[in-house]
Amino acid sequence: PNLQHGLKLLPWAIIDQHFSQRNRSARLRAAVSQNPLRVGLGIDEGTAVFIHGRSMRVIGEGDVFVMFAKTEFEPTLEIKLEKDREYDWTTFARQARERSQMTFPIASSKKAVFEKGALVIVGGGNLGRDIVEHFVELAGGKEARIVVLPTATTQPPNIATEEFTFRDTGAGSVVTLPQIKLSEINAEDYLQQLRGATGIWFGGGRQWNFVDHYEDTEALVEMRNCLERGGVIGGSSAGASIIGELLIRGAPAGNQIMVQDGYRRGFSFLPGVGIDQHFSQRERAEDLRSTIARFPSMIGVGIDEGTALIVTSKTAEVIGTGSVFIFQATKPLIDENNTTPQALVKKTQFQTGKKFPLANLGNLIEK
C-alpha cells in the first residue's frame with residue numbers, strides 16, 4: 001500500500017474502499033501491519049459507514065470490515081460488521097492500542113493484595129445509612145474531606161443531593177467534581193481537591209466513562225495517592241466495578257458484555273479481582289462464573305444491591321442487606337474432546353455481618 005496522511009477527520013483509521021469488489025483485503029492487512037495502532041476499515045461499493053460522535057453503524061448493499069494488525073501478543077483479527085447494529089468507534093481505536101500491549105490479564109496475575117487505606121465497594125441500589133457512615137468514618141468522620149465523582153453518567157448530577165448524603169452522616173467537607181474535559185481534570189485546582197481528599201466516592205452509571213475521563217491522567221495518580229495516605233475509596237454500581245483490576249461490564253456497546261476488548265482494565269485499587277454488582281437482583285452468577293473460567297487468574301466478586309464489601313489491609317467485612325459472592329478458579333477442566341481447557345470455578349457466599357481476617361482476598365475462599 002502507498003500510505004499518506006488523509007484529512008484526519010476519523011482518528012486512528014486507515015480506510016480502503018471498493019473493498020470486496022477489488023479484493024483489497026491483503027492491501028489493508030499490509031497497511032495495518034505497518035501501523036499496528038491503527039484500525040483498518042474496509043468498505044464495499046454501495047455501502048456507507050455513518051459515525052456520529054463515537055457511535056457507528058453500517059447501511060447499504062455491501063459489507064464493512066474492521067481489521068487489526070498482528071502484534072507481538074495477538075494474531076491478526078478481522079471483523080465483519082453487522083447491519084442495523086450500533087458499534088462504538090472509540091472501542092475499536094482502544095482495542096488496537098490494547099492489542100499492542102502485553103496480554104491482560106496475564107495468567108500469573110498477582111493475587112488480590114491490599115496494603116494501605118480502605119475500600120467501600122457497594123453493589124448498587126439503596127445506599128443504606130450504615131454503609132455511608134462506615135465510609136465517612138474511614139475517611140475521618142468530622143475531619144473527613146470527601147470528593148464525589150458523579151462522572152459515570154451523562155445526566156447532570158444533583159450536586160446538592162450527592163453532597164448531602166455524606167454531610168448528613170457527619171463528614172466535615174464534601175466537594176463534587178463533575179468535570180469531564182481533560183483540560184479541566186488536569187487543572188491545578190482540580191488536582192488540589194484530590195490531593196487533600198481523605199475519601200473519594202465513585203458514583204453509578206456506566207463504568208467505561210470513568211476510564212475515558214481519568215485513564216492516564218494525573219488525577220488517577222492522585223486517587224491512588226489517597227489510598228497511600230491511608231484514605232478510603234468507595235463506589236456503588238459502576239463505581240464498584242471500576243475499583244477492580246479486570247473491568248466487568250465495561251463495554252460502551254452494552255452492559256451485557258462482561259469483558260470488552262479495549263476496556264479490559266479497571267483502576268485496580270483492589271488488584272487481582274473483577275467486581276460485578278446488582279448481583280442477585282439481576283441473576284448475574286452465571287455471567288461472573290463464566291468470566292472467571294475465562295480469566296482464571298482473577299477472583300470474581302459479586303455484590304448484592306444495598307450491600308457493601310469493606311476492605312482494609314487486615315479484614316474484609318460484609319454490611320448491608322444482602323450478600324457478597326466470591327468466585328475463584330480451582331483447577332482446569334478438559335472438555336469431552338480433550339481440546340479446550342477451562343477452569344473449574346468455586347462460588348462462596350458471605351452474608352451480611354460476616355467479617356474475615358485476610359492477608360489477601362484469596363483467603364476469603366473457604367476451604
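Strand 14 (residues 270-276) and strand 15 run parallel, joined by four bridges. Strands here are DSSP runs of E with at least two residues, and helices are runs of H or I with at least four residues, both numbered from the N terminus. Two strands count as paired if DSSP finds at least two bridges between them. Between strand 14 and strand 15 the chain passes through helix 10 (residues 285-294), and this β-α-β crossover is right-handed. Right-handed means that, with the strands pointing away from the viewer, the path from the first strand over the helix to the second runs clockwise.

This is a predicted model: local features need pLDDT of at least 70, side-chain atom pairs count only at pLDDT 80 or more, and totals for chains, interfaces and linings use all residues. Residues are numbered from 1 along each chain as its sequence is written, and side-chain values use heavy atoms, without hydrogens and water.

**Strand 15**

Why is strand 15 (residues 299-303) largely enclosed by the rest of the structure? Five of its five residues are buried, so the rest of the structure largely encloses it. Buried means under 20% relative accessible area, with a 1.4 Å probe and protein chains only; exposed means over 50%, and partly exposed lies in between. Ile299, Val301 and Ile303 cover one side, and Gly300 and Gly302 the other. Isoleucine 299 is the bridge partner of valine 273.

**Strand 16**

Strand 16 (residues 307-311) is mostly covered too, with five of its five residues buried. Thr307, Leu309 and Val311 point one way; Ala308 and Ile310 point the other way. Alanine 308 stands opposite valine 122. In strand 17, its bridge partner is isoleucine 319. A hairpin of three residues links strand 16 to strand 17.

| Strand pair | Direction | Bridges |
|---|---|---|
| Strand 8 (residues 118-122) and strand 16 | antiparallel | four bridges |
| Strand 16 and strand 17 (residues 315-320) | antiparallel | five bridges |
| Strand 3 and strand 4 (residues 55-60) | antiparallel | six bridges |

Valine 49 stands opposite valine 58 in strand 4.

**The whole protein**

The protein has 10 helices and 20 strands. Of its 367 residues, 49% count as buried. Its C-alpha trace spans about 70 × 55 × 35 Å along the principal axes.
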